[in-house]
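Okay everyone, thanks for coming. Let me put the structure up, and then I'll walk you through it.

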Amino acid sequence: MSPRPHTHGDPGLPGVHREEHRHAGQPAHRHPHHHRAETGTVPHEHAHPTSFESLTYTVSPIHALDARTKIVGATVLILGVVLTPPLRLAEALLLAALLAALTATARLPVGRLVTRSAAVLPFAGTIALLAPLGADGGSWNIGGLMSAWAGGGLLITWGILSKAWFSAFCMLLVAASTRRADLLGALRRLKVPEVFVMLLSFITRYVGVLGEQLRSLRTAMVSRAPTLRGRALLRSLGSIAGNLFVRSYERGERIHAAMVSRGYTGTLPITTRGRLRSADILFMAMAALSAFAIALY
Amino acid sequence: MEARNRHGLIELHGVTHRYPDGTEALRGIDLTVAEGRSLALLGPNGAGKSTLLLHLNGILRPTTGSVRVDGAEVTSATVREVRRKVGLVFQDPDDQLFMTTLYEDVAFGPLNGGATPDEVDRLVHTALHEVGLADAASRPGHHLSFGQRKRAALATVLVMEPRVLVLDEPTANLDPRSRRQMVALLASLGTTALVATHDMDVAWELCTDAAVIDDGTIVAAGPKERILTDAALLEAHGLEMPWAVRTGVADAPATIAP
């Protein structure tokens with residue numbers, strides 16, 4: 001994947017300042033640094049060209065929108081899609097065009113988003129495949145899929161699959177165009193229950209740490225027993241899982257100790273600020289209009 | 001012990017700690033960290049160092065004995081005040097950097113302490129400059145290198161302007177350059193400190209006093225010039241003399257203490 005365009009701290013934007021300052025015994029100097037996570041003002045030092053998270057550092061009009069706008073917009077659009085009867089061709093094309101336009105504006109790689117959002121299909125597919133068998137008095141066997149009266153049922157299958165995929169793509173657009181901290185801050189400001197946001201915040205922070213531990217445990221296992229198969233392999237994987245659980249539990253205790261040491265009393269303090277601008281209002285209005293158009297057409 | 005003649009910022013008297021499973025981690029600890037001194041807490045793995053550190057800001061309470069910070073005994077009533085005075089930096093920075101960005105991590109303490117947003121901005125600014133990470137404020141913890149994370153963990157505590165800094169293995173797992181940076185940074189702080197470490201050179205370079213802990217008891221404590229040059233003592237407790245002492249480079253550089 002080619003590196004995405006990154007900003008390197010635009011001095012004209014809020015949150016970054018180039019004020020002169022002085023350290024003890026040293027001449028005055030100036031350099032850009034900023035104090036608060038604010039969309040679009042990230043002085044980016046290193047590229048991470050492979051991780052999905054790196055997409056959130058791209059600079060685009062969509063990335064610059066307030067995270068709340070994107071969450072609300074995507075939710076409204078998804079509601080519109082879900083509440084409509086199975087999508088007709090025109091509707092599907094309109095929706096696809098809309099999502100393609102958003103992806104292009106956000107300078108995100110379409111292929112990558114398509115493959116990633118397709119992950120929802122196996123789950124939706126299970127339900128979708130069963131639908132025609134029961135619809136319109138259909139029969140619960142393979143013949144039911146082929147018969148003449150299965151047409152209505154297959155329409156339901158298309159409905160479920162397309163809606164699931166469109167919804168997943170919408171959410172993915174939000175996830176790929178919003179930095180994690182902004183996303184969590186926005187959920188908190190949208191009054192999502194604190195426990196839920198805290199859970200998400202710890203998952204984003206520690207999923208990498210856990211992955212690292214899992215990798216090193218697996219490496220250690222493979223280097224001692226390269227030919228492990230069958231039951232023995234399963235048993236080893238079981239003890240790896242147990243090991244990981246105990247380590248995570250202990251880490252949880254240490255993190256809690258670190259939080260308590262710094263005055264934690266039960267709620268994470270909020271630091272995200274930022275206002276909705278006219279672009280945000282416009283975006284939400286467009287999302288709502290598109291949702292109505294699709295739901296009512 | 002020389003330090004005991006002065007006012008003890010941290011004082012432990014007969015502290016024992018028994019874990020729920022019956023393990024006796026501390027068996028009667030007497031220890032004092034005087035204002036303006038820096039104490040190296042030395043001991044082999046499993047000697048009780050970490051258990052001891054967790055007593056200093058009331059995360060663990062002694063089974064018997066007492067812990068006093070700035071004259072006040074650590075109880076449920078005083079524990080919040082104690083935690084403001086004692087800044088505890090954990091060994092694994094991943095335990096200390098639990099928020100989504102470095103800014104949020106450093107701001108965590110001051111915000112919990114009720115500082116206003118502008119005040120928090122100023123404090124975070126100063127703390128991040130102090131550890132040389134001002135340009136990394138909006139980066140997530142997992143995007144920093146290990147050396148940077150160690151310094152970031154220090155910033156999350158420095159920002160609270162503690163009276164005494166308690167460091168658990170500040171140089172563990174660092175490469176030589178990051179280790180040098182960390183030692184220089186700590187030496188520049190000028191604060192009362194307690195440093196638990198295996199790194200005898202760090203103890204020699206940064207501290208004014210040293211205490212050896214083994215099997216839950218303090219076996220020796222005093223000025224580092226006495227403790228860290230006692231080869232027999234150190235050997236008996238699984239430690240060794242600092243490189244500078246072994247090679248006869250006797251003049252110790254600047255310490256953390258002012």
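Predicted model: local features only at pLDDT ≥ 70, side-chain atom pairs only at ≥ 80, totals over all residues.

Residues are numbered from 1 along each chain as its sequence is written, with chains lettered from A in the order in which they are written.

So, chain B: it has 11 helices and 10 strands. Its radius of gyration, taken over C-alpha atoms, is 18 Å, close to the 18 Å that the globule rule (2.2 Å times the number of residues to the power 0.38) gives for 258 residues, so chain B is as compact as a globular protein of that length. The C-alpha trace spans about 50 × 45 × 35 Å along its principal axes.

Now zoom in on B:Glu104, which sits in helix H4 (residues 102-112) of chain B. Is B:Glu104 buried or exposed? Buried, because 29 other C-beta atoms lie within 10 Å; the cut-off for buried is 20 or more, with 12 or fewer for exposed, partly exposed in between, and C-beta atoms placed from the backbone. Buried residues make up 53% of the 258 in chain B.

Last, the two chains together. 32 residues of chain A are in contact (C-beta atoms, placed from the backbone, within 7 Å) with 33 residues of chain B. On chain A's side, H10(A) gives the most, with eight residues.

How values were computed:
Helix = DSSP H or I, 4+ residues; strand = E, 2+ residues; numbered from the N terminus. Contact = placed C-beta atoms within 7 Å.
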